[in-house]
Amino acid sequence: MKKSMLLVISLLTYCSVFAQSVKFDTLSLDQAFERAKAEGKFVFVDVTASWCGPCQLMLEEVLSRKDVGEFCNKQFICIQMDVDKLEGKDFKKKYGVNSIPTFFILQEDGTVRHRLRGARRPEDFLAWAKRGVNETSSLFFLNNLLERKQKMSLQNKVDYYLVLKDIRKLHDADSLRTVLFEQTPFEKLTDKECWPLFSEEVYGSQYFEYVVKHGDKFREKQGKERIDDYLVQGYKQEIQRLMYDCQASPEAFDLINQITMAVSPLDRTIISEENKVKIVLTWAKEVKAFLENDIPGMVEGMQELVELKEWRDCLWHAMKYVGLNGKDEDKERMGQFTSKMLFEFAKTPVEQWDFYQKFRYLGFPISCNGKFWSDALERVKEKNKPLLLECVRGRDAYFIMRNWAWDLPERVNYLDSLCVSVRIDMDDPDVAFLKERFEITNYPAYFLLDKEGKVRYSWEGMIEEDQAFRDSLRKGLEGI
């Protein structure tokens, strides 16, 4: 009875998690068309393969998102086509698929309504899907206009520029944008409908410089926040590039000075919000210190960036330099704000542990396992679930190479559906009391606690296979 109840709960939880992502039906293409016709929907096809890294990335990072899932499940009958299987091979040949991932929105008669080649960020993918559903911005509609030689509005042309980018006809897209940029009147170019012509440009391009030159007009029509964010991102990326490339050259320092002067003149600035100006200036300060091997300057700049909530992976370059070359006092100063970075910017316990390992490896004094433990207890109360505690010794080589028993999204979703989980480094003095409390003698050690904090099941030792771990977890849950 307990096993049956656990299975039902697990299935219900799985369905709840799954419903938040894109729901792929196990249907043939013909069956999908039949259902789409009956339900008044389009057919969404994800052309994929088990060996395709970008395909799996899209599945885990984009198609699993709640906002993407809600939109696609409402608008489409969703299926997958594996190019290594018979129907997938036939689909690939029929629809001219020459790279994956490729995504299609098909009408009920099999006509291609919209198409996308390659991986995208979640927000870009969702924007693509919405354009495909919209009658006048779909590939099908725009191609019909061209084939019938009907006049295209400015909005049609901008939409077609986006379509060309979606299907990776980048040369044609750039040519169309050049024509639009040269032939569209200034008053129209600054309108919202033309913003896609500028939105993804980088520092130094004619389009970025056009926004800089006419910032007031763009800000008036597009909104202050959009333009400020666009300019901040452009300047930041260019400054950060110098850190990636380690270009300690006169040209690099000239570029930093140019950007610094551009955003902070005495009378006015092209970025309207003072806090966002400070972001660019602080990044310039940080990268300049990095290129000059100025460790105290790097630490000071990093601390300011953390206060501005500007932690990014590229800051890792400076952190590594401080960790490898800094003095004890430099690392001590870093330790004062690395804990803040970890808890404010890591989104999950897995990410927190990953940052914690990196900080320790670089020699920054960081004690946070006590907070890991207390946060886990709070989450147990909030979620009304049991707690899975994994106790390890962080200095063991095994855990330097291995991040987490459940480091893949599908494993994390499975584990989160059943319990709250936390990993604790028992080398941290702040959690020494747990060793005595749970009588730990070997590592790793696993404990399954009920909502009152009582140990209901435990096991120890490294478990390399998922199924063995799942079996241990299920056995423990049966007793709760």
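User: Why is D67 called partly exposed?

Analyst: The relative accessible area of D67 is 32%. Partly exposed covers the range between buried, which means under 20% relative accessible area, and exposed, which means over 50% (1.4 Å probe, protein chains only). D67 therefore counts as partly exposed. The model is predicted, so local features need pLDDT of at least 70 and side-chain atom pairs count only at pLDDT 80 or more, while totals for chains, interfaces and linings use all residues. Residues are numbered from 1 along each chain as its sequence is written, and side-chain values use heavy atoms, with hydrogens and water left out.

User: How far apart are the closest N and O atoms of K217 and E220, and what separates the two residues along helix α12?

Analyst: The closest N and O atoms of K217 and E220 are 3.7 Å apart, and the pair is a salt bridge. The two residues are three positions apart in helix α12 (residues 215–222), so about one helical turn separates them. A helix here is a DSSP run of H or I with at least four residues, a strand is a run of E with at least two, and both are numbered from the N terminus. K217 is partly exposed at 22% relative accessible area, whereas E220 is exposed at 57%.

User: Which parts of the chain does the salt bridge of R393 and D427 link?

Analyst: The closest N and O atoms of R393 and D427 are 3.4 Å apart. The pair links distant parts of the chain, 34 residues apart: R393 lies in the loop between β5 and α21 (397–401), and D427 in the loop between β6 (420–425) and α23. R393 is partly exposed at 26% relative accessibility, and D427 is partly exposed at 24%. Elsewhere, salt bridges that share partners join E187, D191, K217, E220 and K221 into one network.

User: Why is strand β7 described as largely enclosed by the rest of the structure?

Analyst: Five of the five residues of β7 (residues 445–449) are buried, and the strand is therefore largely enclosed. A445, F447 and L449 point one way from β7, while Y446 and L448 point the other way.

User: How do you know that β7 pairs with β5 and with β8?

Analyst: Two strands pair if DSSP finds at least two bridges between them. Strand β5 (residues 387–392) and β7 have five bridges, in the antiparallel sense. β7 and strand β8 (residues 455–460) also have five bridges in the antiparallel sense. L388 stands opposite L448 in β7, and E460 in β8 is the bridge partner of A445. The hairpin of β7 and β8 has five residues between the strands, and G453 there takes a positive phi near 90°.

User: Why does A318 count as buried?

Analyst: The relative accessible area of A318 is 0%, and A318 is therefore buried. A318 is found in helix α17 (residues 316–325).

User: What share of the protein chain counts as buried, and how many helices and strands does the chain have?

Analyst: Of the 480 residues of the protein chain, 48% count as buried. The chain has 24 helices and eight strands, and its C-alpha trace spans about 80 × 65 × 35 Å along its principal axes.

Key:
Salt bridge = Lys/Arg side-chain N within 4 Å of Asp/Glu carboxyl O.
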